Amino acid sequence: MSAALSSSSNTLARLSLAVVVAHALIGVVHSAAHVAMHIFMSLWQNAYIFAVIFALPVVAALLLRRRARAGYLLLFLSMLGSLLFGGYYHFVAPGPDNVNSMGGHAWAFPFRGSAVLLALTEAAGAFLGLVGLLGRRR
């Protein structure tokens, strides 16, 4: 492998790791806002959130070092799944989880801001996962 290809692979892996860490930290703030505002999810939604939104991106990041193709595939799928889930519930579906239904609650700004930041990190993670996959097609 050439030095330039190795360097770009390391940069992509570092960016991917940074996005996963940022996503997890923003998720903590968003979860705190959910609790503070008494916005609770159903059992299946909580299972999805734990598995797809929190755990799988971390597993993907851990795989990037030794099994990069699997890591990038998992990063792409988990972040896309997170983006679709959060995008629907935060910005499309009516209900207490929609950013437009917060009212004047003290946690409304952190909730809205973290929902937007989650969507941005999820889009970035899906993009980086796809770039990593396409770069490893050989």
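Phenylalanine 91 is placed in helix α3 of this predicted model. With a relative accessibility of 35%, phenylalanine 91 counts as partly exposed, because the partly exposed class covers the range between under 20% (buried) and over 50% (exposed). Phe91 belongs to a nonpolar patch on the surface, which is formed together with Tyr88, Val92, Val116, Leu117 and Leu120. The accessible area of these residues together is about 560 Å². Helices α3 (68–92) and α4 (108–135) are the elements that give two or more residues to the nonpolar patch.

Leucine 84 is likewise a residue of helix α3. At 57% relative accessibility, leucine 84 counts as exposed, since the cut-off for that class is over 50%. Leucine 84 and glutamate 122 are separated by 38 residues in sequence, whereas their C-alpha atoms are 9.2 Å apart in space.

The overall architecture is helical, with four helices and zero strands in the protein. Read from the N terminus, the order of elements is α-α-α-α. The C-alpha atoms fill a box of roughly 55 × 25 × 20 Å when taken along the principal axes. Of the 138 residues of the protein, 40% count as buried.

The loop between α1 and α2 contains histidine 38. Although histidine 38 is not a glycine, its phi is positive, at about 60 degrees. The relative accessible area of histidine 38 is 61%, and this residue is therefore classed as exposed.

Empty space in the model was examined next. Rolling a probe the size of a water molecule over the atoms shows where such space is left. The largest pocket has a volume of about 330 Å³. Its lining comprises 24 residues, and those that lie nearest the centre of the pocket are His30, Ser31, His34, Ile49 and Phe54. Each of α1, α2, α3 and α4 supplies at least two residues of this lining. The greatest contribution to the lining of the largest pocket comes from α3, which gives seven residues. By residue class, the lining of the largest pocket divides into 14 nonpolar, eight polar and two charged residues.

A search of the whole structure finds one cavity of 30 Å³ or more, and the volume of the largest cavity is about 30 Å³. The residues that line the largest cavity are Val20, His23, Ala24, Ile53, Phe54, Pro57 and Val58. The elements that give two or more residues to this lining are α1 (3–36) and α2 (43–63). Helix α2 gives the most to the lining of the largest cavity, with four residues. In terms of residue class, the lining of the largest cavity consists of six nonpolar residues, one polar residue and no charged residues. Phe54 is named among the residues lining the largest cavity and also among those nearest the centre of the largest pocket.

Technical notes
Residues are numbered from 1 along each chain as its sequence is written. This is a predicted model: local features need pLDDT of at least 70, side-chain atom pairs count only at pLDDT 80 or more; totals for chains, interfaces and linings use all residues. Side-chain values use heavy atoms; hydrogens and water are left out. On a 1 Å grid over the protein atoms alone, a cavity is a set of points where a 1.4 Å probe fits but cannot get out, and a pocket is an open set with protein on both sides within 12 Å along at least five of seven lines; lining residues have an atom within 4 Å of a point. Grid points are joined across faces, edges and corners, and a volume is the space filled by probe spheres set on the points. Ala, Val, Leu, Ile, Met, Phe, Trp, Tyr, Cys and Pro count as nonpolar, Asp, Glu, Lys and Arg as charged, and the others, Gly among them, as polar. Patches are made of residues with over 30% relative accessible area and no salt bridge: like charges are joined within 9 Å, nonpolar side chains (Val, Leu, Ile, Met, Phe, Trp, Tyr) within 5 Å. Accessible areas come from the Shrake-Rupley method with a 1.4 Å probe; for residues, only the protein chains shown count as cover. A salt bridge is a side-chain nitrogen of Lys or Arg within 4 Å of a carboxyl oxygen of Asp or Glu. Buried means under 20% relative accessible area, exposed over 50%, partly exposed in between (1.4 Å probe, protein chains only).
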